[in-house]
Amino acid sequence: QVQLVESGGGLVQAGGSLRLSCSASGRIFSISTMGWYRQATGKQRELVATITSGGSTNYADSVKGRFTISRDNAKNTVYLQMNGLKPEDTAVYYCNRADGRNMSPLPWGSWGQGTQVTVSS
């Protein structure tokens, strides 16, 4: 079973930046397409970025040009660099497996605790 631990969230003013990290256990990480998801209060969880094992990326329109996903397979870690943050980016951010070709969720059964990102106006 893969265990996921997200970190790096915080409170930032609009226009600011944050870098999120997600550490994963298990060798399956290196061959899996990973994604960053977010869930705002009262809303469904949405997939915002994906990265394949080879480094190909895909983004939701709402974050394209502002967010950058990357990964370090040697460290079993995936990152999300978030620039130009907006109040509507406020959410709990999670990482998990994803379907990069279709930009759709494909999570493993368990989720990490997530990391809270709050953007003030």
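A nonpolar core is a set of buried Ala, Val, Leu, Ile, Met, Phe, Trp, Tyr and Cys residues joined through side-chain atoms within 4.5 Å. Buried means under 20% relative accessible area, exposed means over 50%, and partly exposed covers what lies between, with a 1.4 Å probe and protein chains only.

This is a predicted model: local features need pLDDT of at least 70, side-chain atom pairs count only at pLDDT 80 or more, and totals for chains, interfaces and linings use all residues. Residues are numbered from 1 along each chain as its sequence is written, and side-chain values use heavy atoms, with hydrogens and water left out.

**The cores**

The largest nonpolar core has 27 residues. Leu4, Trp36, Ile69, Val78, Leu80, Met82 and Tyr93 touch the most other members. Strands here are DSSP runs of E, at least two residues long, numbered from the N terminus. Strand 3 gives the most, with four residues.

Tyr93 has contacts (heavy atoms within 4.5 Å) beyond its neighbours within four places in sequence. Its partners include Glu6, Leu20, Trp36, Arg38, Phe67 and Val117. Another core lies apart from the largest one.

**The rings**

A pair of aromatic rings is described by the distance of the centres and the angle of the planes. Rings of Phe, Tyr and Trp (its six-membered ring) pair if their centres lie within 6.5 Å; planes under 30 degrees apart count as stacked, over 60 as edge-to-face and the rest as tilted. The count comes to two aromatic pairs.

| Pair | Centre to centre | Angle of planes | Class |
|---|---|---|---|
| Tyr37 and Trp111 | 5.0 Å | 80° | edge-to-face |
| Tyr94 and Trp111 | 5.8 Å | 80° | edge-to-face |

Together, ring pairs link Tyr37, Tyr94 and Trp111 into a cluster. Tyr37 sits in strand 4 (residues 34-39), 74 residues from Trp111. Tyr94 belongs to strand 9 (residues 91-99), 17 residues from Trp111. Trp111 lies in the loop between strand 10 (104-105) and strand 11 (115-120).

Which of these rings are buried? Tyr37 is, at 2% relative accessible area, and so is Tyr94, at 11%. Trp111 is partly exposed, at 30%.

**Charges over rings**

A charge sits over a ring if NZ of Lys or CZ of Arg is within 6 Å of the ring centre and within 35 degrees of the ring normal. The charged end of Arg45 sits over Tyr94, 4.1 Å from the ring centre. Arg19 lies over the face of Tyr79, 4.0 Å from the ring centre.
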